[in-house]
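Here is a colleague's note to read beside the structure. Please go through the points with the model open.

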Amino acid sequence: MADKRVSELPRRGFNVVAHRLRLGLKRVWVNSGQLIQIPIAATAAYAFCVYVLGHPYPFLAAVASAVGIGPVADRRLRRAMEIGMGATFGVLVGEILVNLFGSGIWQLALTLIVGLVIGTILNSGGIFITQIAVQSVYVVVVPATATTMPFPRTLDALTGSVCAILLALLIPRDARKVPRRLAADMLEEVDAVLRMMKRALREADVTMAGRALERARETQDIIDSWGSSLRISREAAKINARARRHAAEVTRLSRAHTFSDRAMRTMRVIARRVVGITELGVAKPVIADYVGSLADGAKKLEIALRRGTDRSLAEAALSEAAGALDPRAKPDWDIYDESMVLLLRTVAVDLLQAAGLTREEAQSRLPPLAENAEDDDGPVVE
């Protein structure tokens with residue numbers, strides 16, 4: 001057994017690297033617009049300071065604009081203002097103290113203390129305070145170039161900050177775009193993991209079961225990014241009139257995020273059980289069909305989320321899949337088979353709620369668990 005695990009290490013390592021590379025390329029695509037804006041803003045701020053203000057090396061102009069925009073799309077206007085104000089204020093504090101006391105070790109300590117105290121009084125944001133510290137240190141440590149203008153590096157930082165703020169204000173941003181794309185990416189992962197588990201159960205393939213478990217564990221980054229993008233979009237919908245009209249879809253995507261996360265957490269539990277079943281060399285074709293039906297529904301939900309279209313086809317497919325999840329479907333099933341189906345029922349309910357159904361509506365799509373359905377208050381999911 002140990003020799004087999006060692007021999008599988010290269011394959012597992014390749015699968016992990018390939019999966020992470022695929023997710024990384026998706027992140028590049030999602031943030032491509034933001035990545036393009038950084039060199040545009042930094043170059044524009046640098047050029048303005050060189051050719052208009054006459055500063056020979058306006059390093060801080062490029063830095064303030066690049067950091068203000070950031071490589072990842074987030075609270076763009078708020079971030080640009082916090083970083084820009086912090087950078088400009090930090091440079092200003094540094095230049096004032098350098099002009100008064102000169103440069104040196106104790107001057108560096110004094111500049112940091114003064115900058116951090118004033119920054120904390122003005123704003124509790126960590127980004128703002130950090131920028132004050134970093135920029136003030138730079139001003140004290142790096143000597144200024146000769147120029148006839150007063151406080152030249154403060155002007156450089158201010159120019160870069162203004163460039164970042166202008167891009168945040170002028171370039172439109174669809175509040176639905178990033179959450180919609182991440183939602184589709186997450187449902188794509190749900191579909192892929194379910195299909196891997198289907199194949200593992202049908203063929204008693206322990207290797208495929210292991211890959212399904214690994215892939216399920218690698219989805220947390222997508223869930224976290226999706227949640228972060230939704231917080232940003234909700235904020236944009238509150239302060240931006242153009243984004244406000246998308247508030248309803250953002251709310252629906254928030255609901256899909258909650259229940260997709262729950263579904264994946266349950267799927268990780270199922271994947272661990274599938275690994276145990278396949279290690280025994282036992283095929284489970286009926287349960288594999290159940291898993292495949294859920295995968296079909298997840299695929300339709302992915303398409304609806306990616307396009308922002310109606311989810312009725314996904315709801316119908318998931319409802320059909322849920323309707324077959326009877327833990328007593330086969331008389332020869334043991335408690336482990338029944339518990340597997342019960343877990344799949346939980347996944348089905350979560351995916352149906354991600355498609356827009358209420359909990360009661362989702363549970364009504366399941367076969368009842370009670371012996372006498374007429375005497376039961378309604379089906380429940382365990």
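**Notes on the core and its helices**

1. The largest nonpolar core has 62 residues, and Val190, Leu194 and Met197 touch the most other members. A nonpolar core here is a set of buried Ala, Val, Leu, Ile, Met, Phe, Trp, Tyr and Cys residues joined through side-chain atoms within 4.5 Å. Buried means under 20% relative accessible area, exposed over 50%, partly exposed in between (1.4 Å probe, protein chains only). At least two residues of this core come from each of α8 (177–203), α9 (206–217), α10 (220–239), α12 (247–279), α13, α14 and α15. Apart from it lies another core, of 5 residues, including Val91 and Val139.

2. A word on the source. This is a predicted model, in which local features need pLDDT of at least 70 and side-chain atom pairs count only at pLDDT 80 or more, while totals for chains, interfaces and linings use all residues. Residues are numbered from 1 along each chain as its sequence is written, and side-chain values use heavy atoms, with hydrogens and water left out.

3. Now the whole chain. The protein chain has 16 helices and 0 strands. Helices (H or I, at least four residues) and strands (E, at least two) are DSSP runs, numbered from the N terminus. Of its 382 residues, 47% count as buried. Take the contacts (heavy atoms within 4.5 Å) with a separation of 6 or more: residues 24 or more positions apart account for 75% of them.

4. Which residues does valine 190 contact, leaving aside its neighbours within four places in sequence? They are Met264, Met267, Ala298 and Leu351.

5. Helix α8 has 27 residues and reaches 39 Å from its first C-alpha to its last. That is close to the 39 Å expected at 1.5 Å a residue; the expected span is 1.5 Å times one less than the number of residues. Of the 27 residues of α8, 20 are buried, so the helix is largely enclosed by the rest of the structure. Just after α8, alanine 204 takes a positive phi of about 55°.

6. Glutamate 189 also lies in α8. Is glutamate 189 buried or exposed? It counts as buried, at 0% relative accessibility. Its side chain makes a polar contact with the side chain of arginine 215, at 2.9 Å. A polar contact is a pair of N or O atoms within 3.5 Å; within protein, one must be able to donate a hydrogen and the other to accept it, and residues adjacent in sequence count only if both atoms are side-chain atoms.

7. Arginine 215 is among the buried residues of α9, as are Met208 and Leu213. At the start of α9, a side-chain oxygen of aspartate 205 reaches to within 3.0 Å of the backbone nitrogen of threonine 207.

8. A search of the whole structure finds 1 aromatic pair. Rings of Phe, Tyr and Trp (its six-membered ring) pair if their centres lie within 6.5 Å; planes under 30 degrees apart count as stacked, over 60 as edge-to-face and the rest as tilted. Tyrosine 290 and tryptophan 333 have ring centres 6.3 Å apart and planes at 85°, so the pair is edge-to-face. Tyrosine 290 lies in α13 (residues 285–307) and tryptophan 333 in the loop between α14 (312–323) and α15, so the pair ties together parts 43 residues apart in sequence. Tyrosine 290 is buried at 10% relative accessibility, and tryptophan 333 is buried at 12%.

9. Tyrosine 336 sits in helix α15 (residues 335–354). Tyrosine 336 is exposed, with a relative accessible area of 62%.
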